[in-house]
Amino acid sequence: MTTLDDIDRALVNALQDDLPLDHRPFAPLAEKLGLTEEALLDRVKALRESGVLTRFGPFFDAAAIGGAFCLCAMNVPADRFDAVNDMVNAHPEVAHNYERDHKLNMWFVLACETADSIHDIADRIEDETGLPVLRFPKLQEFYIGFRVAA
């Protein structure tokens, strides 16, 4: 388990807020935290490498830019979970993937350029894994926001 110091905690919390649309978006945050831009970027890299940050990047609303997304679930045998996880995550269309303590123990989101692509990628994952991919298309949108305090 990685121990976070006060600066790392402040950094993780700040990275969940809006970064400025700028050529150097980390510079103002580094200044606010009393770091150089290079030191801040080194900390982000270390947090990624340690697994504290599992994903760092923008969140795009696929539908707003003409694409499509779909929540998917699978019932993966425990002894195959890691291998299936690797197969699923190998698809760049997989936005995120979570293990759940449930019969449907793998949940992931497909974000694609078109609605037809959703079905194509889900079908491909079924072919590769030999397991059905249940698809739960969005019927209504809710924005709840999501932040995790470090």
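The centres of domain 1 and domain 2, taken over C-alpha atoms, are separated by 31 Å. Domain 1 covers residues 6–49 and domain 2 covers residues 62–136. The structure is a predicted model, and its C-alpha atoms fill a box of roughly 50 × 35 × 25 Å along the principal axes. Five helices and four strands make up its secondary structure, and from the N terminus on they follow the order α-α-α-β-α-β-β-α-β.

Beyond its neighbours within four places in sequence, leucine 15 is in contact with Phe26, Leu29, Val44, Leu53 and Phe56. Leucine 40 stands 25 residues away from leucine 15 along the chain, and the C-alpha atoms of the two are 11 Å apart.

The strands come next. Four of them form an open sheet in the order S2-S3-S1-S4, and their pairing is antiparallel. From one strand to the next, the twist averages 20 degrees. In general, strands of a sheet pair through backbone hydrogen bonds, in either a parallel or an antiparallel manner.

Strand S1 (residues 68–74) can be followed through its pairings with S3 and S4. Seven bridges join S1 to S3, and the two run antiparallel. Among the residues involved, phenylalanine 69 has alanine 111 in S3 as its bridge partner. Four bridges join S1 to S4, again in an antiparallel arrangement. Here cysteine 70 has proline 137 in S4 as its bridge partner, while cysteine 72 stands opposite arginine 135 in S4. Five of the seven residues of S1 are buried, so this strand is largely enclosed by the rest of the structure.

Helix H4 (residues 81–89) lies across S1, S2 and strand S3 (106–112), and runs at about 165 degrees to S2. Helix H5 (residues 115–129) packs on the sheet, where it touches S1, S3 and S4. The direction of H5 makes about 140 degrees with that of S3.

Some totals describe the protein as a whole. Of its 150 residues, 30% count as buried. The accessible surface comes to about 10,400 Å², and 54% of this surface belongs to carbon and sulfur atoms. Among contacts between residues at least 6 apart in sequence, 60% join residues at least 24 apart.

Note on methods
Residues numbered from 1 in each chain as written. Predicted model: local features only at pLDDT ≥ 70, side-chain atom pairs only at ≥ 80, totals over all residues. Heavy atoms only, no water. Domains from an automatic or database assignment. Pairing = 2+ DSSP bridges. Axes fitted to C-alpha atoms, helices over the stretch in contact; angles between N-to-C directions. Contact = heavy atoms within 4.5 Å. Buried < 20%, exposed > 50% of the residue type's maximum accessible area, 1.4 Å probe, protein only. Areas by Shrake-Rupley, 256 points an atom, 1.4 Å probe, with all protein chains shown as cover.
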